[in-house]
Amino acid sequence: VCMTLRALEMPNVMVKVLGIAEVPSRWYPLSFAIGLSAMRGVMQWDMLASIACGHAFWALSLEDWLVPSRRTAAKLERRWLPQLPALLCRLLGGGWVPAEDPRRGFFAGGAAAEEDRWE
């Protein structure tokens, strides 16, 4: 899926397939699947399925539907999950990057970092 999405971002860039032939980027995933199938002697149906999923994901703009906006994520953090960042930081370590303004700092164990850290 990622290979297909990357190929669709810049469809006219020439790329080599298995070091044998150069094709436009938009044809790379299919060429790679066919080349790998020829080398193995068996059709790689799983690769063709992932190419189809990548095209569907791109054509239907599923990322816009599946990934919440920064504003929605900030609402979730404020209203529904106010204790979650501190809990996750204590449990897993590390820091929490809030959705609202990532340049202002991060929460480490529930405490906000200084704002000048990123400036």
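This is a predicted model: local features need pLDDT of at least 70, side-chain atom pairs count only at pLDDT 80 or more; totals for chains, interfaces and linings use all residues.

Student: Where does Q44 sit in the chain?

Tutor: Q44 is placed in the loop between helix 2 (28-40) and helix 3 (45-59).

Student: Which residues does Q44 touch, beyond those up to four places away in sequence?

Tutor: Q44 touches A33, L36 and S37. So a loop residue can still count as buried, as Q44 does at 10%.

Student: Let us step back. How many helices and strands does the protein have?

Tutor: There are six helices and four strands. Read from the N terminus, their order is α-β-β-α-α-α-α-α-β-β.

Student: What share of the residues is buried?

Tutor: Of the 119 residues in the protein, 22% are buried. The accessible surface comes to about 9100 Å². Carbon and sulfur atoms account for 61% of that surface.

Student: What do the contacts say about sequence separation?

Tutor: Take contacts between residues at least 6 apart in sequence. Of these, 24% join residues at least 24 apart.

Student: Is T4 buried or exposed?

Tutor: T4 has 2% relative accessibility, so T4 counts as buried. T4 lies in helix 1. Leave aside the neighbours within four places in sequence, and T4 is in contact with P29, S50, I51, G54 and H55.

Student: How do I read the sides of a helix? Which residues of helix 6 are buried?

Tutor: In helix 6 (residues 84-92), the buried residues are P85, A86 and C89. They cover an arc of only 100 degrees around the axis, so they lie on the same side of helix 6.

Student: Which exposed residues are on the face turned away from that buried side?

Tutor: That face of helix 6 carries L91 and L92, both exposed. Just after helix 6 comes G93, with a positive phi of about 80 degrees.

Student: Where do L18 and S61 lie?

Tutor: L18 is in the loop between strand 1 (14-17) and strand 2 (21-24). S61 lies in the loop between helix 3 and helix 4 (62-66).

Student: What are the relative accessible areas of L18 and S61?

Tutor: L18 has 32%, so L18 is partly exposed. S61 has 34% and is partly exposed.

Student: Now pockets. How is empty space found?

Tutor: Rolling a probe the size of a water molecule over the atoms shows where empty space is left. Here, take the second largest pocket, with a volume of about 150 Å³.

Student: Which residues line the second largest pocket?

Tutor: The lining consists of M3, R6, A7, M10, V13, V15, S25 and Y28. By class, six are nonpolar, one is polar and one is charged.

Student: Which element gives the largest share of that lining?

Tutor: Helix 1 (residues 2-9) does, with three residues.

Conventions:
Residues are numbered from 1 along each chain as its sequence is written. Side-chain values use heavy atoms; hydrogens and water are left out. Helices (H or I, at least four residues) and strands (E, at least two) are DSSP runs, numbered from the N terminus. Buried means under 20% relative accessible area, exposed over 50%, partly exposed in between (1.4 Å probe, protein chains only). Contact means heavy atoms within 4.5 Å. Accessible areas come from the Shrake-Rupley method with a 1.4 Å probe; for residues, only the protein chains shown count as cover. On a 1 Å grid over the protein atoms alone, a cavity is a set of points where a 1.4 Å probe fits but cannot get out, and a pocket is an open set with protein on both sides within 12 Å along at least five of seven lines; lining residues have an atom within 4 Å of a point. Grid points are joined across faces, edges and corners, and a volume is the space filled by probe spheres set on the points. Ala, Val, Leu, Ile, Met, Phe, Trp, Tyr, Cys and Pro count as nonpolar, Asp, Glu, Lys and Arg as charged, and the others, Gly among them, as polar. The arc is that of the directions from the helix axis to the C-beta atoms.
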